[in-house]
Structure formats: structure tokens, C-alpha cells
Amino acid sequence: MGYLRSHWWDAAGALVSLLVVSAATLATPQLVRIAVDRGITGGSERIVWLSVLGLVAVAAARGVFSFVQGYLAERASQSVAYDMRNALFEHIGKLSFSFYDRQQTGQLLTRITSDVEQIRGFVGTGIVQLIAAAAMLVGTLVLLIILNGRLAVVTVVVILPVVVLLGRFVRAIAPLFKQVQQALGKTNAILQQDLTGVRTIRAFGREESELARYGAANAELLDRNIATIHAISNNFPFIFLFSNLGTFAVIWVGGRQVIGGTLTLGGLLAFNSYLAFLVQPLLTIGILASSISRAAASSERVFELLDAPLEVANRPGATPLAPIERGVEFDRVCFHYPGADQDVLHDVSFSIPAGHTVALLGATGSGKSTVVNLIPRFYDVTDGAIRIDGRDIRDVQLESLRQHIGVVLQEVRLFAGSIRENIAYGRPDASHAEVSRAAAAAQADDFIRDLPEGYDTVIGERGVTLSGGQRQRIAIARALLVDPRLLILDDSTSALDAATDAALRAALDRLMRDRRHTVVVIAQRVSTVRDADSIVILENGRIAAQGTHEVLLKDSPLYNAILGSQLEPASDAVTEGAA
Amino acid sequence: MTAPRFGIAAMAAVPAERAADRGRIARRLVGELRPYKRDLLAALGFVTLGALAQATAPWIVGRAIDQAIEHRDPAQLARYMMVLLVIYVCGTTAQRGTIRTIGVAGQRVLADLRERLFARLERLPLLFFAKHAVGDLMSRVVNDVDTLNQLLSGGLTQVVGALVSLCGVLVAMLLLNVRLALVSFIIIPVMLLTTRQFARRARKAFRQTRETVGDVTAGLEQEISGIREAQAFGRTQANVEKFKAQNLANRNANVQAVGITAAFAPAIDVLSTLAIAIVIGYGSWLALHGQMTVGIVAAFLIYVQQFFRPIQLASTVYTQAQAALAGGERIYSIIDAAPEPADAPNAVSLGQGRGEIEFDHVSFAYDEGRPVLHDVSFVARAGQTVALVGETGAGKTTIASLIPRFYDATSGVVKIDGRDICQVTRASLREQMAIVLQDPFLFAGTVSENIAFGREGITQEDIERASRAVSADTFIRELPKGYDTVLGEGGGALSRGQQQLIAAARAVLSRRPILILDEATSSIDSRTERLLQDGLQRLMADRTSIVIAHRLSTIRDADLILVLAGGRIVERGTHEELVAHAGVYADLYRRQFGT
């Protein structure tokens, strides 16, 4: 509602216009009555023409005001949706990784698109219509009672079941619509899974069972759809029947009154017209009732998102971080994911001196990615501290911290657009020379030039598809282009063949180590880590060993075990390489 | 981003897509209804009954006024009222019958279409999936079927009823009073023209809103799925600015469109009131001159109110039908797509064999004239392990895909146990092999279900033994509910390495003589991989395996190593032979392990 306040004038204007429209609508049958009673029955042609003129004038007024109402209401609601989407977008950009670990893209997208749209539909037109329908209902009732008390009572009694039926329908249909949506979601999920897993399904010959799985979900959907149709067919025809019975009662009871001389013929006709004005608002309120509950559910979801706490944010008084001079230090760092009670990192302490290359090694799930994700504050430590040049990274401005860090994530994500745009993601103003220099260092320049349109080749949904290794190299180029003081490579070369990997390492040495820039690398290959200035081995979230290749080779059985699993036998391979 | 819209907005919001061959598509869509012929005949009966009821009720009201009320005859009035009651009840019954018959038949047609689409997708050759994006296929099953749904569930039922009752109304009016009827009809073409004019302008305006909504959604999608990059590269504020501009454009387009649509309802309203004015004016004049009764004027007043609904509905349905035809065309393009070619007429079952694989001068091209494999020949003897090595794009995955006939060789022959695989049934061929792919496919279900993968007669013990064999048992036991932990779609919270271990366990469990590993271990750290390999090795002792991997440690034990470059085999031999040969492989090996 707060969002509507800033568009107060539009909303108020819409409401006033709608009340004028209602009044004009209520006046129409009166003019018909006058035409019939004083015109036709009274034999006055002048009155007939006057009331016809009146009808046209009323229609024109109603037209103008209902246009104004529709326009203003829509403008208000569009503005509310606009504000809401902006606020949501700005908020989600600041939410930390742990929020996104728990959310699915589709779900979030739904909240910002269709949930906002639901609210918009209700806020703009719904509220105004609801007030107008209520006003119309009361106005008509009052008029009916003034016109003919007895007839009014009879009509209301006959029409009462419409209210009951509508209530029943609204209650029945809301859960049904939800069930239809759920069933539809289930069929679509199976479809999506099967489309992405088509090879595995074929390979294991699971086509028939997948078809059966889909068939079951589809049958459920059909069942829910039919239930909805039954609910509609069991209510709506009867709603119309009872509103027709209103006419029936008016003509019969009113007819007897006309025969008895207590009502005029025109009065009867006018009364009959008002019936429609009684039923229409009831229907409107009924339809709105279901959209109210939907809008309420939607706004709950939207505000839940807007109120999601910013787990990682600037502290008050945070100052910018100067270019890294001395290095990064992990001081007894512990970390657990929100909601989990087990630490994934315990008491991790090590330092990354500026200009060094530090490699992280360890089994799947040992906490390597978590360690690197803490440096740009994708998550905040739960205990201990990470310091850059002696300053706790939680005391510096987030933007300035990340400005100095280039990250290549394990799961490479490229955007729909040209390769140039993808590489220049962090620096949209970079020149072509800079882009191709970064690509060359990432060993991507050659294959990009071989693509049909070189750097302008469009990748993504409808564009060229790249192999895993090519995507990784573009992601590395993207990180190198921002010329980071600290580069993080999270298993970023797993899909590269050994030759490319070697060339990339040589290029990184030139770009980073020689300029005293720092690199933190996670890799599976011994060849990638053996040249590092120091190697940190993680096991179950703790540091198991650290040192240079030579030191670890001598002292660490764990390192030798890792080495041994790749070069078998280890000593053999080393001598072979040295020979 | 589609809220329910009504009237003109509903018409304009549907893009006016035109199907290429409308007549043919329309005939096929109608053909879908054929199994429900009896329901539809019943529906037609209900519709006619309903229309009759709608047309006669006002007429009875008119008669009641003229013959009973004006003549002060309560008994006559009671008789008319009884007739009116019967008509109303008939109308209600008819309406209920129409909704049920058409609604249910329509939903059955849609369910049937969805199922046929899905069944066809399960049968299409894999080449089809290489050429169509998942999102595009999803949209055909979801959105295009929905366009048909809108037509069948909403529009068609109403418009048929409304049009039939419009005819009834027109006839009744003509019967009551030809002159007043003809004068009232003047308003109909005016309404039609107004509607068409508005629809045309609104469509233009809504095209703008659709495009801007597309930008907004795309902006959001990029932000959410790329949030990690956006934060890492400090782009969130820039993205907010960009989004605000897109959002503003969308709002402005909507407000502009509303300027047109908000004028439509009032315009029609004015026309309706004009119709009333005409009836009152001309009717009263006729009545004053004794050429008509008041009752007929009353009946006419009810009739003219019923003009607009059918007209509005008809134009809504016309637009819906356009969209449905275009949707139908896309749906049929899948249903009609050629499935995997049927098994050869004399195809036999391959039967449990030794698992020897032979490639005999095999070439393959995804697109004609652009071969990706040239003249590949090799033999993997039963029980051997063959490793494929080479740069990205060298053709390793393509070779692996030809063995289960995901694609068929363009020339040359692939044989298993000496039999051309094109001469055996696909099902029996694929039963011989277990495949673990780069991207493990996990579905929403428990870990156990994912490992068993629907195979029957598998005990929990079998599942755990298979998991132990690939060293997956330890991490699975550490999951919140162990083997009963429900995985989200796509693997949920598991790391890529853990997903690969589950896929490996699945392959082990299937006990098939041929094993294909396509970079199945790329994200597993080398120690876990070592354990996994030990397990696999034990189980592969009597299996033929084709292994694709970048890590040489994974493949140095292979019986045969094929080095691929540009779709050709450039070197072959054992690890020792190739290292001694001092070629491409030796070079790779030196770079990875030596200095």
C-alpha cells in the first residue's frame, strides 16, 4: 500500500471518476422510466425526446469519466509495479551468495515478474473496482427501496443465493487454481529434466518409464483441470439462474402490483434494469475476491524478498581499500553456511604475500572453493578474520574490495551477447586492443579469431555454442581484463588440455607474478600447482599441510599421496620428468 | 508477465501470428476433436438450447407485460411466469452442459497433445537436440499448448454460444417488430467497426509493451543467473541503472497502450446507450402512434443489451484462433519430425555378448559437407580399455556418441561383436552399455532412486555396493538423510564431483559389458578419482571401456590410446609406445608431468 501513496492523485482521481460513472449508470433506468410512464403512457412526445436526449448526455458523461478512470487507475498501477520492480532489482543485486545458494532462478524470476504483476492488477484496477462495486451495490439497494420497498425485499431474497454461490465458488476455485499450477509445474519440470538429460535417458533405455512418469503427471494435470471445469459448471450457471430469477420475481410480483395499481409500468421496467446493477457488482466482488487472495499471497512473496537481510554489506564508516601492498591473511577463519550447524572451515590460518602464487589442494568437499569465496566477501566469515594489508576486509568498502580482485568461478557463466561484450564485462569501456590482449593471455585469442565473426560472434541461447575449455578461457580473459591485483582461479582450467594449460600458466606468470600481483589457484592437476610459491592442502575444512612443492614432497605424506595418485609411481614420474 | 486482461486488451495482447498454412493446420486441429464427436454433438445441442432460451426469455417478458399486466389478468401473468421459469431452468441446464462437454473434451485434447509431444521428444534423434535449444522446445510444449488451451477452454465455448444466441436475438427482434428491429440493427456495424479500429491500434501499442516486457524479463534473468559475476566484477550498480531504463520504457509503453484500451469500453458503452436511446425514441414514437405495444419496447430494451457481448467475444476469439494456429503449427512441426529411424526390418536382438567394438573406416558429419570424423578405424577387444585423447573439438565425444547410435555414421560401419550396429535393434544395443557423461543427469528424487534409475529388482544393498565401488558411499552417508536425501532438479546442493560419483555408481549398478566414460571424472579431485578408478577398474576387468579424459593419469593404464586431432586418429598405441614415439602424446605427457 505504501507504494500506492506516492501515486495518490492518480488513485483518487480514478476513484472520483468511477463514482461519477456509477451515478450516471444509476440514472439511466430512471430516464427510461420517465420515457415510458410520462412519455408513452402519458402520451407526451416532448418528454420522450427529452428523456432520449438525457440518455445520450448521460452516456457521454459516463464515457468520458470511465475513460479518465481507466487511464488514471492504470497509470497508478503501472507506476506501483515500476517502483516495486526497481526496488526488488536493486535489492537482489546486493544479496550475498548464500541467498542464491538456496534459491532457484526460476523462482526468483517469478517473484519479480508475475507476483509483481498480480499485485499491480489488484492495486490499480482492483481496489478502485472494489470500492465502486460496493458503492454501486449500496446505491442500487437504496434506490430500489425508495422506488418500491416490497418489491425490493422480494428481489433481495431471490438474489441472496447468488451471494452464497459466489462465496462457495471463490472458496472452491482458489485451491483448484493452485493445484492446476502445481500440476503444470510438475509436468514442466519433468519435461525440462528430460530435455537436458536426453542422452542419459536414451543410453539407459529409460524412455518408457520417463513417458510413464510424464503421463502420470499429465493425468494429474488433466484431473485438476477437469475438477476446475466442474467447479465452474456447478456454480456459474446457477449464479446466472438466480440473477434471472430476480427478473422473474420482479415481473411477477411487480406485474401484480401494476395490475393492483400500486406501480406504474415504467417503474416496473426501471426496477428490472436496476436488477442488473445489483448482480453485476456482486460478480465483480466475487471475481475480485479470488484476485485479492492471490494478490495477498503475491505481496507476501514480494515483501519476503524485499526484506531478505543483506548478509554482506558495507559497515558504517567503511573506507575504500588501497591497492594491495603486503598481502592477504587468513586469521583463524571459521565458516559455516547459513542454516547448517557444521563448520565447513575450521580455524584456517595462512597468508598470501603480495606477488605470490598460492595453490589450494584438497579432496572434493574439503573447502577449497569456500576459502576463495571468502576473499571477495561472497560470504562473510563466521569467526576469525581475513585481512588485506592488515585491515579486516569487513571494514573496507565492498566495491573497492572487489575492484582489486579478479575471479574466475568454477561454474563459468557467460552472457548472451558477443564475445567482446563478455570479455569486457567488468570494463565495458575497454578498447579492442585491450580485449584481445586479455584474450591472448588467456589463450583464447586464436580460437576466437577462428570463429565465424571473431570477437563479434554472438554466444548464448541462439548463438554459437562453445566447448567447456573455450568458455573457461573466455572467463579467464574477462578476469584478466580488469587487471586485478589479486586473481582467483577456482578450478578454472579443468577442461583445458595440457598444452593449453601450460601456455596459460606461462602467460599468467608474465602478467601476474612478474608484476608482483597475487594469484590464488585451485586446481586438480599437480602440474598446475607445483610451481606455486606455496601450496595449502585442505582436508575436511582444516589446513592439513602447507609449504612449497619441495618441502611438502619431503614432509607431507598427504601431498605425496595426492601426487602419487596422479603420477604412478610418483618417484618414477619425477625422475622421468627430470631426466 | 501476463495478468489476465479482458476485452480489447485480451485481443491486442495476443500477437497476431499467422501460421504458414492455416487451412491445413486448422483442419488438423479440428481433427484432434474427432474422438470427442459425441461430446461435441451434445455440446451443440446444449448451445442451441441455451441460445433459444436466451432469445425467448425477453419475448415472454414482453408478452407478459402486454397481454397480462396491461390487461390486468393475474392468472395469465402466472401462466407466463411459469413458462419463463421453465425457460430459465432450460437455459441453466444448457449452460452447465456446454461448459462441461466442451471444457472436458478440450482438456482431454490438450492432455493428449502434451503426451504425444513428450512421447515424440523421447523418440527424436539426438541430432534434433543438437540443433534445438532446450528453452525453445520447452516453450513449444508449454506456451504453444497454452495458446490452444486459451482457445479451447475460454473463447470457443463462449463464442459459439454467444453467436448462436445473437442469431436467436436478431430473429426474435425481427419477428416482434421489423421496423424497430432494422433501426436497432444500425448500431451493430458501428460496433463492429469501432472494435476493429480499436483492436488495430491496440495491437500496435501492445507490440511495444511486449517488446519492452521482454527486455525487462531478460534483464532480470541475466541479473539473477549472473549474480555471482555481477558481484565479482562490481557491476551491480551499473546493472541497476540499465534495468531502471528498461523498466521505465516498459511502464511508458503500458501507460501509452492504456490510453487506447481505456477508451474502448466507454466507447462501446456509449454505443450501447445510443442503442437504448434509439429503441426508446423510435419505439415510443411507434407506440404513441399505436403501431407498437409497450411490452415490445421492453423486450427490445433487453435485446439490444445483448448485442455487444457476442461481437466482443468474436473478435477476442478471432485473435486467439490466430495465435492457436501459429502454436499448432509449431506443435505439429515436432510431432511430425522424423523419429530415430526405425530398426532395420530384419534387425535382431544383439544379445549379451563379449563387448568387442570395432570402428571400420567411419566418417561422420552433423551437417552435410562438414565432416567432424574422417575415416576412423580401431578395435576395442572385449575387456580392453581404450582411451581417447585430444584437444577440445577433436572428435572424442562424437566417437563415443556413435557407439550407442546417438548418431549414425555418415559412412563406414561400427560393429559390436562383429555385428553392424545398424542391423540390430536399438534397445538391445543400448542395453549393452553404461554411459557416464560430462554433465551428470540427476533428476528430482532420492539418491537411491538416482542410482537405481528406475531399474527393477534392485535392492538397497546393490545400490550401496555400487556406491562403495566408486567411493561415493562415504559422502552419501554424510548427507542429511543418507541415501534417502532428496536431490533437487539438476543435483541441487551436490558438488559437480559428487554428481559425477553418483552417475558412476549408476553405471556400475547397471552391469553392462560396455562402459563409456565421457570426461566423467573431470571435477573429481585426483585422490577421489584414484579411489573411483580402483573401484571401476575392478568392475571393468571383464568390460570393454571407452574413456575420454584430459588427465593423463586417468588413461595411462589403457590398453590402447587413440590420439585425435581434427577428427582423425593421428597416433595410437599404449602409453609406453606413445611416449617412446615422441609425438603429440609424448609432448602432452611431458608438459603435464615434466619440466
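Me: In β5(B), Asp420(B) is the bridge partner of Lys415(B). How many bridges join strand β4 of chain B to β5(B)?

Reply: Bear in mind that this is a predicted model. Two bridges join β4(B), residues 411-416, to β5(B), and the two strands run antiparallel.

Me: What is the order of the strands in the sheet that holds this pair?

Reply: The order is β2-β1-β4-β5 in chain B, an open sheet of four strands with antiparallel pairing. Its edges are β2(B), residues 371-380, and β5(B), residues 419-420; each has a single partner strand, so one side of each is left without a neighbour in the sheet.

Me: Where do I look for a strand with partners, and which strands pair with β9(B)?

Reply: Strand β6(B), residues 433-436, pairs with β9(B) in the parallel sense over four bridges. Here Ile435(B) has Ile516(B) as its bridge partner in β9(B). Strand β10(B), residues 544-548, is joined to β9(B) by five bridges, and these two also run parallel. In this pair Leu517(B) stands opposite Val547(B).

Me: Is β9(B) enclosed by the rest of the structure or left open?

Reply: Five of the five residues of β9(B), residues 514-518, are buried, so the strand is largely enclosed by the rest of the structure. Ile514(B), Ile516(B) and Asp518(B) point one way, Leu515(B) and Leu517(B) point the other way, and all are buried.

Me: What should I expect of nonpolar side chains in general?

Reply: In soluble globular proteins, they tend to be buried together. In this model the largest nonpolar core has 332 residues. The members that touch the most other members are Ile423(A), Ala477(A), Ile488(A), Val279(B), Phe300(B) and Ala505(B). Helix α10 of chain B, residues 236-288, supplies the largest share of this core, 21 residues.

Me: Which residues does Ile488(A) contact, beyond its neighbours within four places in sequence?

Reply: Its contacts are Val372(A), Ile375(A), Ile405(A), Gly406(A), Val407(A), Val408(A) and Val520(A).

Me: Now a single residue in a helix. Is Val435(A) buried or exposed?

Reply: The cut-off for a buried residue is 20 or more other C-beta atoms within 10 Å. Val435(A) has 23 such neighbours, so it counts as buried. Its place is in helix α13 of chain A, residues 432-441. Beyond four places in sequence, Val435(A) is in contact with Arg420(A), Ile423(A), Ala424(A), Ala430(A), Tyr455(A) and Leu481(A). Val435(A) and Leu480(A) are 45 residues apart in sequence, and their C-alpha atoms are 9.4 Å apart.

Me: How many residues does each chain bring to the contact between A and B?

Reply: Chain B brings 125 residues and chain A brings 130. Helix α10(B) gives the most to the side of chain B that touches chain A, with 29 residues. By class, that side has 66 nonpolar, 35 polar and 24 charged residues.

Me: What describes chain B as a whole?

Reply: Chain B has 22 helices and twelve strands. Of its 595 residues, 49% are buried. Among its contacts between residues at least 6 apart in sequence, 79% join residues at least 24 apart.

Me: Where in chain A does pLDDT stay under 50?

Reply: That stretch is residues 568-579, for which the model has eleven contacts beyond four places in sequence. For chain A overall the mean pLDDT is 83, and 94% of its residues reach 70 or more.

Notes: Residues are numbered from 1 along each chain as its sequence is written. Chains are lettered from A and ligands numbered from 1 in the order in which they are written. This is a predicted model: local features need pLDDT of at least 70, side-chain atom pairs count only at pLDDT 80 or more; totals for chains, interfaces and linings use all residues. Two strands pair if DSSP finds at least two bridges between them. A nonpolar core is a set of buried Ala, Val, Leu, Ile, Met, Phe, Trp, Tyr and Cys residues joined through C-beta atoms within 7 Å. A residue is buried if 20 or more other C-beta atoms lie within 10 Å of its own, exposed if 12 or fewer, and partly exposed in between; C-beta atoms are placed from the backbone. Two residues are in contact if their C-beta atoms, placed from the backbone, lie within 7 Å. Ala, Val, Leu, Ile, Met, Phe, Trp, Tyr, Cys and Pro count as nonpolar, Asp, Glu, Lys and Arg as charged, and the others, Gly among them, as polar. pLDDT is the predictor's confidence in each residue, from 0 to 100.
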